[in-house]
Amino acid sequence: MSIVTTKPQLLSPSRLLSISNSDAGNSNTSSLQVIPSSSTSTIHQLNSNIWQLCIQLEGIACCAQALGHDFRPLLMTSLYPVLEKAGEETLLVSQAGLSSMWDISKACGYASLKELINENSDYLLNDISLNLQRLSQHPQAPRVLTVMLTHSDCSLLPLVGDIVQDVLTALDLSYECTAALFCSVLHALMKALARWFPSTCSRTSKSTSYRQRSSDQEDLSIRQFLLNYCKQKELAEGIGIEDDYNTEDQGNRSV
């Protein structure tokens, strides 16, 4: 069964034209250029892949609706790829993934996406941890964590500590290729923390000043943590060891 029907005579490669303004000043050159057939087939292939993913996601949702609570044992193998597609950059695929998550949640008796994720977070986080160690084979693993952080609550926080450390380690090892992806995960974590622990308005100046001091202390502790992290990283790479040795040697001589 064909999902989308087209007229070959209207969409043939020879009929597809693109407007180019690069030679607008040259009257001898036509401003209409024929798109190469290779580019056309690439566009068609991408569209075909997007529709296939959407149909597969809808199929998983339909299976969940048909099986109801009996679909729960299958979540161990089916929920991870659904969350992976819900974190896709392609809007149509991400919307299909999110819709599939809602359908699965309702079919399996979960009250919300938060409950769906929290009740199945153990093996989801285990798969993320394993796939982060094989990032070249599973480059979409950070997107699953982003979706979990977006649709869960603070009860997930104690479970993601090791995963965040894995993300930082993977970022150190492959920051040239995956910096943007991992930074988006850290950004999602910061937004989740702001959502889970919102600041409350103080009614007295005393509580306001106390909060300000606490905030300043927190800023200092975060700054000190980052400085210590950079120092430990430099020491692990052999940077600064000689300076520390010379400083210690001079101190011993002065004594």
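**Note on the predicted model**

1. The charged end of R72 lies over the ring of Y110, at 4.2 Å from the ring's centre. A charge sits over a ring if NZ of Lys or CZ of Arg is within 6 Å of the ring centre and within 35 degrees of the ring normal.

2. This is a predicted model, in which local features need pLDDT of at least 70 and side-chain atom pairs count only at pLDDT 80 or more, while totals for chains, interfaces and linings use all residues. Residues are numbered from 1 along each chain as its sequence is written, and side-chain values use heavy atoms, with hydrogens and water left out.

3. The average pLDDT (the predictor's confidence in each residue, from 0 to 100) is 74 for the protein, and 68% of the residues score at least 70. Confidence is highest in helix α4 (residues 91-107), with a mean of 93, and lowest in strand β1 (residues 17-19), with a mean of 33. Residues 1-35 have pLDDT below 50, and this stretch has 28 contacts in the model beyond near neighbours in sequence; contact means heavy atoms within 4.5 Å. Helices (H or I, at least four residues) and strands (E, at least two) are DSSP runs, numbered from the N terminus.

4. Helix α7 (residues 141-151) is largely enclosed by the rest of the structure, because nine of its eleven residues are buried. Buried means under 20% relative accessible area, exposed over 50%, and partly exposed in between (1.4 Å probe, protein chains only). Among the buried residues of α7 are R143, V144 and L145.

5. The structure holds four salt bridges, each a side-chain nitrogen of Lys or Arg within 4 Å of a carboxyl oxygen of Asp or Glu. E89 and R143 form one of them, with their closest N and O atoms 3.4 Å apart. This pair links distant parts of the chain, 54 residues apart: E89 is in the loop between α3 (75-86) and α4, and R143 is in helix α7. E89 is exposed, at 66% relative accessible area, whereas R143 is buried, at 16%.

6. D153 and K114 also meet in a salt bridge, at 3.9 Å from N to O. D153 is in the loop between α7 and α8, and K114 is in helix α5 (residues 113-119), 39 residues apart. K114 is partly exposed, at 37% relative accessible area.

7. S152 is found in the loop between α7 and α8 (161-173). This residue counts as buried, at 6% relative accessibility. Leaving aside neighbours within four places in sequence, the contacts of S152 include K114 and W196.
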